[in-house]
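Here is a short briefing on a protein model. Look at the structure first, then read the points below.

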Amino acid sequence: MTVDAPSLHDPLIRPIGLTGVLFTFSDVLTDDANHMALAFRAQIESQAIAGVIETSTSLTSTYVSYDPCAVGLNPLIARLKDLLSQTKPSSLGSPMGRRLWRIPTVFGGDAGPQLAEAAAMAGLSPKQAIDEIAATTVRVLTIGFAPGQPYLGPLPQNWNVPRQSGLTAQVPAGAIAVAIRQMVLFNAASPTGWRLIGQTAFRVFRPEATDPFSLRPGDEVQLVPVSQREMSALRARQDGSNGGASCEGGS
Amino acid sequence: MTQPTLRVDRIGPAVTVQDLGRPGQLAMGLSQGGAADRYAIAEGAALLGQDLGLAALEMPGFGGDFVASAPLRIALTGAPMTATMDGAALQWNASHYVAAGQRLRIGAVISGAYGYLHIGGGFATPKFLNSRSAHLAGGIGAPVAVGDVLPVGPDSGLDQPGYMLDVVDRFSGGTLRLLPGVHTDLFGPEIRARFAATRFTKTPRGNRQGVELAFDGAPFATEQQLSVLSEPMLPGDIQMTGQGMPYVLLPECQTTGGYPRIGTVMPDDVPKLVQAAPGVALRFAFTSHTEAMAQHRSLDAFAAEMHSKRRALIRKPNEIADLLGYQLISGMITGWEQE
């Protein structure tokens with residue numbers, strides 16, 4: 001079976017089960033497709049569409065969950081296509097505005113035992129790798145898998161390194177792992193196929209907080225290198241600073 | 001006025017407070033969660049004549065001992081379990097009056113997997129993002145523990161009689177209808193045909209996130225072993241691990257995943273999937289969206305039908321341990337919830 005590759009204005013539209021439909025803008029991660037997925041979701045959220053229960057985005061897709069007793073699949077798709085024709089990727093931005101986060105991170109050592117390996121695959125020394133990551137403002141491309149857990153990227157092209165073939169049994173909460181031009185900041189201790197390069201004291205999900213999800217899709221993030229000693233001091237702080245992170249912008 | 005409570009003196013593992021979960025957080029990486037068997041929630045609401053959104057206790061495999069602080073109504077639904085009140089047997093799929101101080105004892109499951117204890121007025125534990133559901137995989141809430149005193153909401157139906165329901169059997173497996181999903185086409189026609197012809201059983205390795213399926217035969221590999229981008233997933237999805245072994249996703253599943261999924265069990269059949277005990281035979285039949293829609297019924301419609309089908313509970317006089325309670329309640333006690 002051959003299928004034309006999906007594009008920004010001719011997405012692949014696939015139902016999932018009886019209650020979901022997925023619009024996919026690219027079968028590989030691109031900035032444009034990610035922007036489009038976010039912008040299309042914002043456009044759908046700005047309308048009150050009968051039967052739509054909730055929406056979300058993955059890296060390059062927009063997902064709509066709906067009540068099939070309230071709206072049929074075909075009328076829903078027709079309505080969504082109409083909305084899509086009015087959506088431009090440049091209209092990116094969550095309704096609350098984009099924010100820039102600076103998150104202290106320890107790279108390498110016990111906190112990031114696979115830094116050297118990942119750096120070598122990216123053609124860099126460990127020091128160069130830290131500098132390059134710290135100099136890159138990444139975006140929250142999507143939040144998924146676990147509550148509040150961001151996929152951060154894109155990193156420069158040389159970071160298009162594959163996942164490892166095996167699984168790391170466990171990385172801790174707050175861990176930074178890298179693969180395919182992205183980094184995950186882990187919500188909770190978890191097994192992973194991505195390479196562990198660093199550690200933050202930042203909690204992406206805080207059920208006790210008024211706003212339990214720290215990051216939003218579209219937010220910008222800079223990882224700020226700190227020493228293990230500085231990280232220990234940050235961890236000891238009891239002032240609710242969330243790992244020493246700072247946030248500007250938004251509303 | 002004192003809020004009525006239910007004290008927990010003994011409890012099975014992983015018993016949690018569950019309602020219909022919290023839709024609206026998918027974009028933040030949190031799946032809806034909520035009761036694994038939503039039909040059981042609807043049946044409980046029908047038996048007690050109350051709202052579908054009230055919280056109950058979900059009991060996987062084993063219940064516990066509970067003592068009421070004040071007159072209460074309860075309903076028992078889902079997988080039938082042994083149940084007594086002050087030693088007298090209690091009928092399952094029925095609602096009952098409980099007097100203050102009476103001891104409710106719910107034991108092991110008889111068939112199926114998840115039993116439910118509902119309470120008139122619902123459990124009034126704190127809400128998080130509009131739901132009382134524990135979502136253990138997501139780090140929300142905790143299992144019910146011995147010594148917990150569970151608050152109960154006001155019950156406007158304390159003067160109602162007990163009811164019973166004849167429920168549709170969903171505790172012995174069978175054939176589940178499967179709809180296509182994002183990755184169905186990655187599995188070749190032969191693989192899909194073999195999947196539909198295979199007998200599966202749930203293994204004991206599972207929880208509210210998902211459960212592994214066992215079967216005889218070769219793994220169900222996709223034609224393209226290329227890594228696919230992670231896409232949204234939902235309860236009822238059947239994903240294949242890297243080894244081609246099927247794993248069914250349940251209410252606390254992750255919100256996205258990169259393993260290919262052969263299809264999604266239609267919502268109407270998820271209770272049957274959830275309630276299959278390990279070893280019970282399950283089969284999957286692919287169906288089209290149009291066909292499925294012709295057979296689909298909303299949870300509201302199911303609840304309304306259950307409400308219309310409930311009938312007065314008839315019990316043998318020698319089992320009526322709480323007869324005195326009934327006489328009192330119909331005569332004069334209504335007070336606490338209005339004070």
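The points below cover one chain as a whole, then the contact between two chains, then a single residue.

This is a predicted model. Chain A has 251 residues, and its radius of gyration agrees with that of a compact globule. Chain A and chain B bury about 3100 Å² between them.

**Chain A as a whole**

- Chain A contains five helices and 14 strands.
- Its C-alpha atoms fill a box of roughly 60 × 45 × 35 Å along the principal axes.
- A compact globule with 251 residues would have a radius of gyration near 18 Å. Chain A comes to 19 Å, so the two agree.
- Of the 251 residues in chain A, 54% count as buried.
- Take the contacts in chain A between residues at least 6 apart in sequence. Of these, 64% join residues at least 24 apart.

**Where chain A meets chain B**

- How many residues does each chain bring to the contact? Chain A gives 41 residues and chain B gives 36 residues.
- The size of an interface is often given as the accessible area lost when the parts come together.
- Here that area is about 3100 Å², and carbon and sulfur atoms give 69% of it.
- In chain A, the residues that lose the most area to chain B are Leu18(A), Glu54(A) and Phe145(A). Together they make up 23% of what that side buries.

**Polar links and make-up of the contact**

- Between chain A and chain B there are zero salt bridges.
- There are 11 residue pairs in polar contact between chain A and chain B, counting pairs with both residues at pLDDT 80 or more.
- Four strands of chain A each supply at least two residues of the side that touches chain B: E1 (12–16), E2 (20–24), E3 (52–57) and E4 (61–66).
- Which element gives the largest share of that side? E3(A) does, with four residues.
- The side of chain A that touches chain B has 24 nonpolar, 11 polar and six charged residues.

**A closer look at Thr201(B)**

- Thr201(B) lies in strand E14 of chain B, which covers residues 201–206.
- Is Thr201(B) buried or exposed? Its relative accessibility is 15%, so Thr201(B) counts as buried. The cut-off for buried is under 20%.
- Set aside its neighbours within four places in sequence, and Thr201(B) is in contact with Glu212(B), Leu213(B), Ala214(B), Gly279(B), Val280(B) and Ala281(B).

Technical notes:
Residues numbered from 1 in each chain as written. Chains lettered and ligands numbered in written order. Predicted model: local features only at pLDDT ≥ 70, side-chain atom pairs only at ≥ 80, totals over all residues. Heavy atoms only, no water. Contact = heavy atoms within 4.5 Å. Buried area = accessible area lost by both parts, 1.4 Å probe. Salt bridge = Lys/Arg side-chain N within 4 Å of Asp/Glu carboxyl O. Polar contact = N/O pair within 3.5 Å; in protein donor to acceptor, adjacent residues only side chain to side chain. Nonpolar A, V, L, I, M, F, W, Y, C, P; charged D, E, K, R; others polar. Rg over C-alpha atoms; globule rule 2.2 N^0.38 Å. Buried < 20%, exposed > 50% of the residue type's maximum accessible area, 1.4 Å probe, protein only.
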